[in-house]
Amino acid sequence: MVRSLTSSLALVTCKEPLRLSITNYLKTTLSQVMPEEEPTILDEIVNQLAHDNLDLGCSVIEKAASDQAALEIEELLKPIVPTVDVR
């Protein structure tokens, strides 16, 4: 439940800032590498690259957030829930 909630919250809060970050980074980098290119073509390239990679970036953030939340919950529950030895 914690993983699901955390990954959903991470997705909602990271998508737009990540898109903006990717877009700004790509604009800066590509305008330095391809200074003669028309701005409209650069914008099209940047938007397509950002769109193509946004879901991957969000997936990485979701995974990291849910893993971290699970670890934190486990640490909080350790003193409360006895450890079971299954040997």
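Colleague: Where do R19 and E16 lie, and how many residues apart are they?

Modeller: In this predicted model, R19 and E16 both belong to helix α1, three residues apart, which is about one turn of the helix.

Colleague: What makes the contact of R19 and E16 a salt bridge?

Modeller: Their side chains meet at 2.4 Å, N to O. The cut-off for a side-chain nitrogen of Arg and a carboxyl oxygen of Glu is within 4 Å, so the pair qualifies. By this rule the count comes to six salt bridges.

Colleague: Why is R19 called partly exposed?

Modeller: R19 has a relative accessible area of 31%. Buried requires under 20% and exposed over 50%, so this value falls in between. The reasoning also applies to E16, which is partly exposed at 41%.

Colleague: How do you know that R3 and D67 form a salt bridge?

Modeller: The N to O distance between the side chains of R3 and D67 is 2.7 Å, and the rule asks for within 4 Å, therefore the pair is counted. This pair links distant parts of the chain, with R3 in helix α1 and D67 in helix α2, 64 residues apart.

Colleague: Why is D67 assigned to its accessibility class, and what is the class of R3?

Modeller: D67 has a relative accessible area of 24%.

Colleague: What makes R3, K63 and D67 one network?

Modeller: The side chains of K63 and D67 meet in a salt bridge at 2.9 Å, N to O. Both of these residues lie in helix α2, four residues apart, about one turn of the helix. Salt bridges that share partners join R3, K63 and D67 into one network; D67 is the partner of R3 and of K63.

Colleague: How is the packing of two helices described, and what are the values for α1 and α2?

Modeller: The description rests on the angle between the axes and the distance between them. For helix α1 (residues 2-33) and helix α2 (residues 39-77), the axes come within 6 Å and cross at roughly 145 degrees. The crossing of α1 past α2 is right-handed. By class, 20 nonpolar, seven polar and eight charged residues make up the contact of α1 with α2.

Methods:
Residues numbered from 1 in each chain as written. Predicted model: local features only at pLDDT ≥ 70, side-chain atom pairs only at ≥ 80, totals over all residues. Heavy atoms only, no water. Axes fitted to C-alpha atoms, helices over the stretch in contact; angles between N-to-C directions. Helix = DSSP H or I, 4+ residues; strand = E, 2+ residues; numbered from the N terminus. Left-handed = near helix turned anticlockwise from the far one by under 90°. Nonpolar A, V, L, I, M, F, W, Y, C, P; charged D, E, K, R; others polar. Buried < 20%, exposed > 50% of the residue type's maximum accessible area, 1.4 Å probe, protein only.
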